[in-house]
Amino acid sequence: MRIVFMGTSPFAAEILRRLHRFAAETEGVELAGVYCQPDRPAGRGHKLVAPPVKELAVTLGLPVAQPLHFREEADREALRALRPDVLAVAAYGLILPQAVLDIPAIGPFNVHASLLPRLRGAAPIERAVMEGDVQTGVTIMRMEAGLDTGPMLAQKALAIGIDDTGGDLHRELALLGGDLLVEVLAAFLAGQPPVSVAQNECRATYAAKLTRADGDIDWQLPVREVHARLRGVTPRPGGRAELDLDGRSLAVKLTPGRFGREFAVPFSTLNLPDGVAPAPGTILGLYRDCLAIACADAAYLIPELCPAGKKAMPAGAFWNGYLRGVSTARALCARHDEAPC
């Protein structure tokens, strides 16, 4: 079985690592090549940076190709020359045309980080957390022209903890996806391919690519929804708010609260004047070394904040540096033109 791997991100790199070990340990399996997106400029100097999959492939001594797309016949012919039985795809970031999907003898298989048909698309891990799901998982599917619409060969579920962030789940799901991909390929190798199951289109949902605006926190939501959204966008694009401090604006990046440290408290606990619930976004003070901000139904506790252009700091240090002596403080939605941290 000759395998060509296609992927770009850190998620894909973990799967490549598992696939490389499978090829090394299994007679008759060869990892014939690796495809990833081209190097991109990054950082203040805009220097070209290799994607994680390329870095790993070079370390493992695997040949790497980085076509811009597969519209050119020369790129498709170069892939055919590798004589792949399987295209193993994970977080590649390019849409593969049918002419490419038709190349492998056994098939093109994709590792998708959700329990399809839920959360098709670019950001299933983050969206699952943001939407308050209690479980996610990985699906191995046979690729076709539609966006994550192909028949499913295998699935495994993973629980989402109340503290889990999008970043936390990336590696867990990559490890789970790598193992599941190997199970599917081993089944084909043994002549016992898994039964494919068509996706139920009535249950399909879409996980759109994250934008900077996804990090803007809406304090009018219930506290659990705020917690879910902030966890989902951590570490990227990051949860953000604009603070109004006696009429002075300050953009900040927010670290989500942790359930183990009590991420929310009832308003009644805070001894508010007249027992009146505060307006959403009102900064209520320090509570257990966290900054308490009013949501629709309770106060959310932020343990760490990063002011624009500064380093992240504990809530107590932030209070002393920015809030002590301020008479009116509110958290608004962050402005899209600010760039904290």
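Guide: Helices (H or I, at least four residues) and strands (E, at least two) are DSSP runs, numbered from the N terminus. By that rule, Ala204 lies in the loop between α6 (166-189) and β11 (206-207). This is a predicted model, in which local features need pLDDT of at least 70 and side-chain atom pairs count only at pLDDT 80 or more, while totals for chains, interfaces and linings use all residues. Residues are numbered from 1 along each chain as its sequence is written, and side-chain values use heavy atoms, with hydrogens and water left out.

Visitor: Is Ala204 buried, exposed or partly exposed?

Guide: Buried means under 20% relative accessible area, exposed over 50%, and partly exposed in between (1.4 Å probe, protein chains only). Ala204 counts as partly exposed because its relative accessibility is 28%.

Visitor: Which residues does Ala204 touch, not counting residues up to four places away in sequence?

Guide: A contact means heavy atoms within 4.5 Å. With those sequence neighbours set aside, Ala204 touches Pro117 and Arg120. As for Arg40, it stands 164 residues from Ala204 in sequence and 33 Å from it in space, C-alpha to C-alpha.

Visitor: What is the order of strands in the open sheet of four strands?

Guide: Two strands pair if DSSP finds at least two bridges between them. Here the order is β14-β17-β16-β15, with antiparallel pairing. The edge strands, β14 (264-265) and β15 (283-287), each pair on one side only. Between β15 and the antiparallel strand β16 (residues 290-294) there are four bridges; one of the bridge pairs is Gly285 with Ala292 in β16.

Visitor: Which helices pack on the sheet?

Guide: For the angles, axes are lines fitted to C-alpha atoms, for helices over the stretch in contact, and angles run from 0 to 180 degrees between N-to-C directions. Helix α7 (residues 223-232) packs on the sheet by touching β14 and β17 (299-302), and its direction makes about 30° with that of β17. Helix α8 (residues 315-323) also packs there, touching β15, β16 and β17; its direction makes about 135° with that of β15.

Visitor: How many helices and strands are in the protein chain, and what box do its C-alpha atoms fill?

Guide: The protein chain has eight helices and 20 strands. Its C-alpha atoms fill a box of roughly 75 × 45 × 35 Å, taken along the principal axes. Of the 341 residues in the protein chain, 48% are buried. Among contacts with a separation of 6 or more, 68% are between residues 24 or more positions apart.
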